[in-house]
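Please look over the backbone of this model.

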Amino acid sequence: MKLENVVPWGRNLQEYKDMFELSSEDLKLKILGCGDGPSSFNYEVSKINSNVISIDPIYQFTKDEIQKRIDETSLIVSEQIKENENNFVWKNIKCVDELIDIRLKAMSNFIKDFDNGKKENRYIHNELPILSFPDNSFDLVLCSHFLFLYSEHINLQFHIDSILEMCRVSKNEVRIFPLIDLKNNKSEHLDYILDILKDKGFNTQIVKTKYEFQKLGNELLIIKLN
Ligand SMILES: C[S@@+](CC[C@H](N)C(=O)[O-])C[C@H]1O[C@@H](n2cnc3c(N)ncnc32)[C@H](O)[C@@H]1O
């Protein structure tokens with residue numbers, strides 16, 4: 001991964017809770033977040049639970065390099081969102097300026113936490129579809145805004161390999177959100193993935209979430225492993 005191709009953009013714990021329907025009991029589990037990037041999920045959860053690990057390719061870079069990339073791109077992203085305002089639901093977040101504040105705050109918390117979190121092995125450089133953890137290492141494995149969202153750029157085989165890898169390292173559950181692509185259409189890979197998971201004997205549920213920021217992005221895939 002080249003950092004100049006990355007557009008860092010991170011959500012906060014409240015959004016993770018809403019997207020993944022995370023209860024306070026869930027937040028005490030051993031959790032792996034795949035593709036957590038510059039979100040503040042790990043920073044915020046680690047205050048109450050020392051068993052949370054995030055993996056992402058951007059964790060191979062330094063704090064200063066990531067901050068520089070945030071500075072270079074945040075204005076461009078804000079402009080793009082302003083141009084495409086109609087693709088989003090402005091309910092919980094009222095306007096683009098509020099959105100930018102929330103995202104920048106989440107990323108600033110991530111940056112402050114990054115070096116310490118790396119020392120504590122909470123931020124680990126790993127890249128799907130391969131994870132460096134033994135089987136059944138976690139109770140719950142999450143993936144927000146990576147799989148399915150980039151269906152036009154990431155092929156079906158990558159989705160299959162990544163999701164089966166997430167299932168391998170989880171004892172109980174894998175949750176993935178959203179199930180739409182960047183054009184707000186149902187991911188072209190979703191039905192194939194559901195068939196494959198069924199063939200493997202995994203139980204899947206698609207749960208409607210109250211959370212909907214990207215229009216029609218209100219469905220969560222839960223894969224039950226036992
Ligand atoms: C749109 S961001 C989402 C960040 C965070 N999950 C959130 O919802 O705020 C997508 C993330 O996927 C990460 N990513 C890209 N390729 C990846 C891979 N092969 N394995 C895991 N994560 C990857 C990117 O670095 C980026 O941080």
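This is a predicted model: local features need pLDDT of at least 70, side-chain atom pairs count only at pLDDT 80 or more; totals for chains, interfaces and linings use all residues.

Residues are numbered from 1 along each chain as its sequence is written, and side-chain values use heavy atoms, with hydrogens and water left out.

Most residues other than glycine have a negative phi, and most peptide bonds are trans. The table lists exceptions.

| Site | Feature | Angle |
|---|---|---|
| Leu128 to Pro129 | cis peptide bond | omega about 15 degrees |
| Phe177 to Pro178 | cis peptide bond | omega near -5 degrees |
| Phe148 | positive phi | phi about 70 degrees |
| Asn184 | positive phi | phi near 65 degrees |

Helices (H or I, at least four residues) and strands (E, at least two) are DSSP runs, numbered from the N terminus. Pro129 sits in the loop between strand 3 (123-124) and strand 4 (138-144). Pro178 lies in the loop between strand 5 (170-177) and helix 6 (190-199). Asn184 is in the loop between strand 5 and helix 6. Phe148 belongs to the loop between strand 4 and helix 5.

Buried means under 20% relative accessible area (1.4 Å probe, protein chains only). Phe148 is buried at 0%. Asn184 is buried at 12%.

Which residues does His159 touch? Leaving out residues up to four places away in sequence, its contacts (heavy atoms within 4.5 Å) are Leu147, Phe148, Ser151, Ile154, His189 and Ile193. His159 is part of helix 5 (residues 156-169). His159 is buried, with a relative accessible area of 0%.

Key: Buried means under 20% relative accessible area, exposed over 50%, partly exposed in between (1.4 Å probe, protein chains only).
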